[in-house]
Amino acid sequence: MVADAPPAEYYMAALAYGSANPPAPIFVNSTTRAIVEYISAMSTALPVMPDLPFFFDTPAAHHFFSNLTGLVRPGDPTVPLYVNKRLFVTIGLGFADCLPSQTLCNASQGQLSLAASMNNASFIFPSRLSLLEAYFRSVQGIYTTDFPDKPPIVFDFTNVSLNSDKALTPLTKTVKGTRLISLKYNTTVEIVLQNTAITGIESHPIHIHGHDFYILAQGFGNYDEAEAIKGFNLKNPLKRNTVAVPTGGWAVIRFTTTNPGIWFVHCHIDTHLRLGQATALVVENGPTAHDILPPPPPDFPKCEMKRETQQVELFSLSGKTTRKKNKIQNHTFPL
């Protein structure tokens with residue numbers, strides 16, 4: 001929000017926005033203020049505070065985000081018009097089978113744990129080797145490249161009755177795995193990010209590493225391509241690496257893969273990331289030496305643990321301390 005001010009001097013005020021439904025606990029959401037003052041500004045007038053929206057005012061937040069545009073200067077890259085690869089990706093929460101290590105979950109949650117997913121795939125971080133090293137050294141068994149281009153089932157994505165209709169209960173079940181998206185170099189990708197109402201409904205800030213993308217359109221409800229395409233901004237769209245997919249809505253992004261390697265795609269809400277709302281792009285090498293993933297430098301450090309006995313102190317709430325000896329296997333940790 002920009003308050004009234006003389007030319008060359010601007011006063012800005014903002015406050016936090018929450019989208020979760022049911023809402024998360026309210027935290028301190030006082031107003032933050034800033035002054036942008038140009039050298040030529042001579043005014044001493046006091047700023048007039050604008051009326052700010054409420055904490056949960058989704059329409060106001062959407063109006064602000066969706067009206068931002070990009071600065072297009074002569075010679076700047078423009079929106080790619082020909083699309084090679086299209087994906088329709090649902091994002092949201094759900095439940096998944098408990099892992100063997102989740103003993104508390106197995107005992108108290110009916111064999112299911114809270115999960116987050118993309119296209120019903122809940123991401124598991126590899127523990128034996130990093131994704132990038134596995135890709136560079138062609139190590140099998142660390143990940144697969146079968147991330148689905150669309151959700152396994154098409155349903156009324158943003159209908160909150162999903163959580164009360166027992167017939168729709170199977171839609172809440174996700175499958176865990178390390179499933180990535182394989183793309184050739186210089187592929188123009190368009191992704192529709194569709195929010196769902198399963199378990200809860202809120203805005204998901206989706207972030208892509210290694211690439212910037214154009215935000216072509218955003219809206220509420222279920223994505224309708226025939227209607228949405230009429231509102232695509234192909235002239236001066238915002239170019240970013242994160243998009244806040246509207247609460248109970250969708251966003252369309254487009255970019256070209258010009259950066260080889262493995263690039264993480266995930267929700268920027270930390271709890272959702274830990275619950276599995278992620279995947280990664282596997283971008284193949286390009287045709288020239290500048291378009292090839294370089295090897296790690298010879299002096300790149302490695303973390304090693306040798307086989308030894310480690311004494312671990314276990315602290316209990318009673319204040320008693322016990323000691324346990326653990327055998328540590330020999331591991332060389334990845335890049």
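Trainee: What is the relative accessible area of Tyr10?
Mentor: Tyr10 counts as partly exposed, the class between buried (under 20% relative accessible area) and exposed (over 50%), with a 1.4 Å probe and protein chains only. This is a predicted model, where local features need pLDDT of at least 70, side-chain atom pairs count only at pLDDT 80 or more, and totals for chains, interfaces and linings use all residues. Residues are numbered from 1 along each chain as its sequence is written, and side-chain values use heavy atoms, leaving out hydrogens and water. For Tyr10 the relative accessible area is 39%.

Trainee: Good start! What area does the nonpolar surface patch with Tyr10 have?
Mentor: Tyr10 belongs to strand β1, residues 9-14; strands are DSSP runs of E, at least two residues, numbered from the N terminus. Accessible areas come from the Shrake-Rupley method with a 1.4 Å probe. Tyr10, Met12, Val36 and Tyr38 together make a patch of about 380 Å².

Trainee: Which strands stand at the edges of the open sheet of five strands?
Mentor: Strands pair if DSSP finds at least two bridges between them. Here the order is β7-β15-β14-β9-β12, with mixed pairing. Each edge strand has a single partner, so one side is left without a neighbour in the sheet. Those strands are β7 (181-183) and β12 (242-245).

Trainee: Which residue of β14 stands opposite Ile206?
Mentor: Three bridges join β9 (residues 204-208) to β14 (residues 261-267) in the antiparallel sense. Opposite Ile206 stands Cys267.

Trainee: And in β8, what is the bridge partner of Arg86?
Mentor: Look at β3 (residues 85-97), which pairs with β8 (residues 188-195) in the parallel sense over seven bridges. Strand β3 is also joined by seven bridges to β4 (residues 112-118), running antiparallel, where Phe95 stands opposite Leu114. For Arg86, the partner in β8 is Glu190.

Trainee: Are the rings of Phe64 and Phe65 stacked or edge-to-face?
Mentor: Phe, Tyr and Trp rings (six-membered for Trp) pair if their centres lie within 6.5 Å; planes under 30 degrees apart are stacked, over 60 edge-to-face and the rest tilted. Both residues are partly exposed, Phe64 at 48% and Phe65 at 33%. Their ring centres are 5.9 Å apart and the planes stand at 65 degrees, so the pair is edge-to-face.

Trainee: How many aromatic pairs are there by this rule?
Mentor: Ring pairs also link Phe88, Phe155, Phe157, Tyr223 and Trp250 into a cluster. The count of aromatic pairs comes to nine.

Terms used: Helices (H or I, at least four residues) and strands (E, at least two) are DSSP runs, numbered from the N terminus. Patches are made of residues with over 30% relative accessible area and no salt bridge: like charges are joined within 9 Å, nonpolar side chains (Val, Leu, Ile, Met, Phe, Trp, Tyr) within 5 Å. A salt bridge is a side-chain nitrogen of Lys or Arg within 4 Å of a carboxyl oxygen of Asp or Glu.
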